[in-house]
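This explanation goes through a predicted model.

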Amino acid sequence: MTQKNDLTSVTAGARSRSSRLSGKVRAALTELGFSAFAITLALVISALLMITLGYDVGLAYQSMFRGAFGSLRGVSQTLLRATPLLFTGFAVAIAFRAGLFNIGAEGQLYWGALACALVALTVEGLPKTIAVALPLLAAGLAGFLWGAVPGILKARTGAHEVITSIMLNSIAIFATTHITSRYFMAPGAVDQTERIVAAAVMPQIIPGTGLTAGIFLGIAMAALVAWFFGHTALGYDFQAVGRNVDAAEYGGVSSKRIQVLAMGFGGMMAGVAGGIVVLSLLNRFVANFSPGYGFTGIAVAVLGRGNPWGVVLAALLFGALDSGGMSMQLFARIPSDLTIVVQGLVIILVAAPAALRAMVRWRKPNKVEPVDVA
Amino acid sequence: MWLEILAVVFNLRTLNAAIRMSTPIALAAMGGAFSERAGVINIGLEGMLLVGAFAGAVGSYATGSALLGTLIGVAAGAATAAVFSIFTVEFRANHVVAGVGINILALGLTTWLMQVVWRTRGISPAVARVQSIRVPLISSIPVIGEVIGVQSPFVFVMIALIVGGWILLFRTPLGLRIRMTGEHPEAADTVGINVRFIKHFSVILGGALCGFGGAYLSIGNIGRFSMGMSAGRGFMGLAANIFGQWNPIGGLGASMLFSYADAVQIRLQTMEIALPHQIIQMIPYLLTIVILAGGVVKSRPPAALGNHYRSGGDA
């Protein structure tokens, strides 16, 4: 069941040192073009669907674009919706690099959100920075612990992390609901905690738009992840295991330790995603709150080709789809769920480089091929 | 309280409910068994169930016939699986990513189209549904009569399909070819088996089974479609398939076990007995992890599961 992950497309084995940089840039551009093509194709298929059902495609995409980018409010909505996806995208991308599939971001996100909310209920009287940082740390820790479980199971018993993660997602949702309703329930019919203290609420960048500093945190995290994979020994080990477990072991890397750490770090990112949603959007833990941030994170990571900056772009795109969908519904009278169709199409198309290659003859002189996510 | 709980646990009506509730899960599990025995990891079962439920309801709404609706549901499940198998087998898409894509696409399409068709984003209006039947002789037998005497026709067809699926998989040459494809595609190819055809066949058959299970959810039960109505049953089917060791009958057993726990939990909830129902709902997933980790029996998935195979003869 082991599949080789090679998301970064380092094609240059024998390439000379002088042309390495330009090769890297070219490979990155190829990756970008490849993802852009998948998005375009998904939009075209959706357009055909709309035409079949008698909708005005021009109006639909126009209002979608305006909704996402046409105003300050629209842009902030786009960024706001992109923020949790950035982190769930990292959650999947980090594990990808080590050759693991973290499909459990959804469950890790729930534990992160719950831990964050519980800490944020108690930070009364602390300075703002600490009152925000402590709950986020708790979120990251909770996500790390829950994320490490499939890593441990894989390392110890060989159980496939995809299946155990899916099971752990369901368990996490049931467990957090149970804990909330049993021990921390606020008065009322909804399974939710009390409101977190004011000090822990993330400050808004532009008042009235809802956009918080979380987006900067996400971009800083992209830089950190890029540095981790580019400049640290541990980051190198991650990728060594991701490329070839046996070779990494031969080179003295404990692949089991890396597997646990990779799933743990991935879980940490998803946990922080949950924490940010609590501190900037919900201001409490609400049972079953996630509209699938963890699963969309898979799409974000795949579309971003596992590259941290690619993840940023992909998260922004999905955030834009989300906020644009709202205005499409309003102005073109097309149900906004069409954007979920676009997302689904993008994932399927990006998963299959061979499909895209079959549709256009991609003949690159230097043979930089879009890599299989497989 | 304990007496009441025991009364619910050892109750024929609970068993009746458990069999009914296991129908879509067992069908999804068998869909997973066929797909994975042929070497294709199928995370998309959830989406195929959902598409089956939606298409079944729309078909029943449009034609006024629940039987036609069911057939449309089956066809739609198979069509969804065909998209999945074309991408995974022909275009060598990563099985897990494509499966996740199928699930998201199915959720988006059904939620979107239900608004196009019914102008509502919650629950559809009532459509023609398949009524439960009372089986003449069986229903008068004391114990068995209470359990399966009055059931949806879907339940009987499901049991027949499971038995048929088991025979197909373990007692026919085609079944042997499917299993060989999942274990060792190179060897299968060498002896002249069309590996790609076998994979497409198995995945699409699995999709048709999910479509049937989905149709049961909408028109075999309440006669309506609601948004996201598969509600994790496809993932439960995935679990039941592993629990049942990639065997349709084992999958049915696991599905019944899961559904039994669920039926008990639901009945206790209606009786307002304060047992933490979320904990009971977790049990199937916990058990599956234990099984996967080799805690009880050694579980072994098909050897070439998730791999792509390209025959030397292919381009």
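What percentage of the 374 residues of chain A count as buried? The figure is 58%. The secondary structure of chain A consists of 14 helices and zero strands, and the pattern along the sequence is accordingly written α-α-α-α-α-α-α-α-α-α-α-α-α-α. Among contacts in chain A with a separation of 6 or more, 77% join residues 24 or more positions apart.

The largest nonpolar core has 222 residues, and the members that touch the most others are A:Cys116 and A:Ile348. Helix H10 of chain A, residues 255–282, supplies the largest share of this core, with 15 residues. Once neighbours within four places in sequence are left aside, A:Cys116 is in contact with A:Pro135, A:Leu136, A:Ala138 and A:Ala139, and also with A:Gly274, A:Gly275, A:Val278 and A:Leu279.

The contact between the chains draws 41 residues from chain A and 41 residues from chain B. On the side of chain B that touches chain A, two or more residues each come from helix H5 (95–118), helix H11 (233–243) and helix H13 (277–292) of chain B. H5(B) gives the most to this side, with 15 residues. By residue class, this side of chain B holds 28 nonpolar residues, 12 polar ones and one charged.

Helix H8 of chain B spans residues 173–183, and its buried residues are B:Arg177, B:Ile178, B:Arg179, B:Met180, B:Thr181 and B:Gly182. What covers these buried residues of H8(B) includes helix H2 (12–37), helix H7 (153–171), helix H9 (185–190) and helix H10 (195–222) of chain B.

Note on methods. Residues are numbered from 1 along each chain as its sequence is written. Chains are lettered from A and ligands numbered from 1 in the order in which they are written. This is a predicted model: local features need pLDDT of at least 70, side-chain atom pairs count only at pLDDT 80 or more; totals for chains, interfaces and linings use all residues. Two residues are in contact if their C-beta atoms, placed from the backbone, lie within 7 Å. Helices (H or I, at least four residues) and strands (E, at least two) are DSSP runs, numbered from the N terminus. Ala, Val, Leu, Ile, Met, Phe, Trp, Tyr, Cys and Pro count as nonpolar, Asp, Glu, Lys and Arg as charged, and the others, Gly among them, as polar. A residue is buried if 20 or more other C-beta atoms lie within 10 Å of its own, exposed if 12 or fewer, and partly exposed in between; C-beta atoms are placed from the backbone. A nonpolar core is a set of buried Ala, Val, Leu, Ile, Met, Phe, Trp, Tyr and Cys residues joined through C-beta atoms within 7 Å.
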